[in-house]
Amino acid sequence: MRLVSPAHRPNQSRRNTKMAEIFYDDDADLSLIQGKKVAIVGYGSQGHAHAQNLRDSGVQVVIALKDGSNSTAKAEEEGFEVKSVADAAEWADVIMILAPDQHQRGIYNDSIKDKLTSGKTLAFAHGFNIRFGYIQAPEGVDVILVAPKAPGHTVRREYVAGRGIPDIIAVEQDASGSAWDLAKSYAKAIGGTRAGVIKTTFTEETETDLFGEQAVLCGGVSQLIQYGFETLTEAGYQPQIAYFEVLHELKLIVDLMWEGGIAKQRWSVSDTAEYGDYVSGPRVIDAHVKENMQAVLADIQSGAFAKRFIDDQDNGGAEFQELRAKAARHPIEEVGRDLRALFAWKQQDADYTEGSAAR
């Protein structure tokens with residue numbers, strides 16, 4: 001294990017200088033998870049990667065799916081035994097729930113809750129349902145989180161290549177006294193300790209994950225792109241040119257940031273672009289935006305967002321579907337489809353466009 005601290009800054013708060021605990025292969029005992037029977041609930045983006053990586057690491061795995069699931073054939077084609085969720089939960093020592101957030105509560109109550117005998121482990125790749133109380137595990141059961149920070153197909157590809165994707169791990173309930181060791185062992189089995197595994201909490205993982213999605217990665221970026229497109233087209237510029245300038249080239253910038261932070265992006269672009277970054281960026285993303293971000297974070301922390309989401313899902317997702325339809329009608333979507341169809345290059349990347357971006 002290594003302790004990693006950010007560079008010291010005089011005005012940085014004590015909270016922001018807290019050192020992260022990072023675990024690697026030598027910190028984890030693979031035999032712990034190899035001695036457990038693991039049920040993977042769901043066989044989507046994350047489910048298939050966890051299951052295949054665990055199996056390749058010498059772990060006994062079954063896939064837990066509801067009757068009639070479209071994923072049954074896929075799992076069986078890969079050589080996995082498929083059980084009902086209830087049967088798998090009864091059989092397993094470790095139950096990893098990888099179904100969508102809005103479905104986990106129902107799956108748990110209907111098929112898992114009554115099978116959680118003392119000594120078992122309930123596992124998640126996102127802390128939403130534990131953090132906001134939609135799932136409450138009984139005493140005597142360990143509750144852990146192992147969350148790779150990439151889509152499942154990337155988790156699988158990197159494992160096969162002998163590499164790994166960074167994971168974050170947490171323990172909400174340590175009934176056995178060895179939940180942390182099992183979380184590290186599980187992370188090692190799916191390749192996480194090859195890259196590095198960061199210790200966190202269910203609360204920190206959930207709240208920061210939701211905030212990142214809403215304020216920056218999904219909500220913030222999407223809204224910024226749409227406003228940029230609208231500003232240019234309303235000023236009379238061709239929509240195709242606007243699309244290239246505010247959406248298409250974004251991947252180039254993000255890749256540079258991913259490789260070396262904001263500093264590498266600024267080093268790589270032209271002096272004109274870098275100067276514009278400094279003088280115009282704060283005009284667009286000003287202090288009011290940070291205040292709005294703080295309000296978004298407050299809604300996440302209070303559970304207001306979670307309640308709105310789950311209440312809407314319980315209502316058939318009426319608001320969700322309405323918002324999705326409205327977004328699909330934005331002019332940038334039509335322009336993008338037509339423009340991409342005209343060119344010989346292909347910009348579909350299965351590693352980043354299939355499945356969920358956060359789980």
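Axes are lines fitted to C-alpha atoms, for helices over the stretch in contact, and angles run from 0 to 180 degrees between N-to-C directions. Helices (H or I, at least four residues) are DSSP runs, numbered from the N terminus. This is a predicted model, in which local features need pLDDT of at least 70, side-chain atom pairs count only at pLDDT 80 or more, and totals for chains, interfaces and linings use all residues. Residues are numbered from 1 along each chain as its sequence is written, and side-chain values use heavy atoms, with hydrogens and water left out.

**Confidence**
- The protein has a mean pLDDT (the predictor's confidence in each residue, from 0 to 100) of 92, and 91% of its residues reach 70 or more.
- The pLDDT is below 50 over residues 3-15, a stretch with 13 contacts (heavy atoms within 4.5 Å) beyond near neighbours in sequence.
- Over residues 350-359 the pLDDT is also below 50, and this stretch has 22 contacts beyond near neighbours in sequence.

**Helix 15**
- Helix 15 is followed by G303, whose phi is positive, near 90 degrees.

**Helices 16 and 17**
- Helix 16 (residues 304-314) packs against helix 17 (residues 318-328) at an angle of about 100 degrees, with the axes 6 Å apart.
- The two helices, helix 16 and helix 17, are therefore roughly perpendicular to each other (65 to 115 degrees).
- R308, D312 and Q313 of helix 16 make the contact with A318, E319 and F320 of helix 17.

Methods: Parallel < 35°, antiparallel > 145°, perpendicular 65-115°, else oblique.
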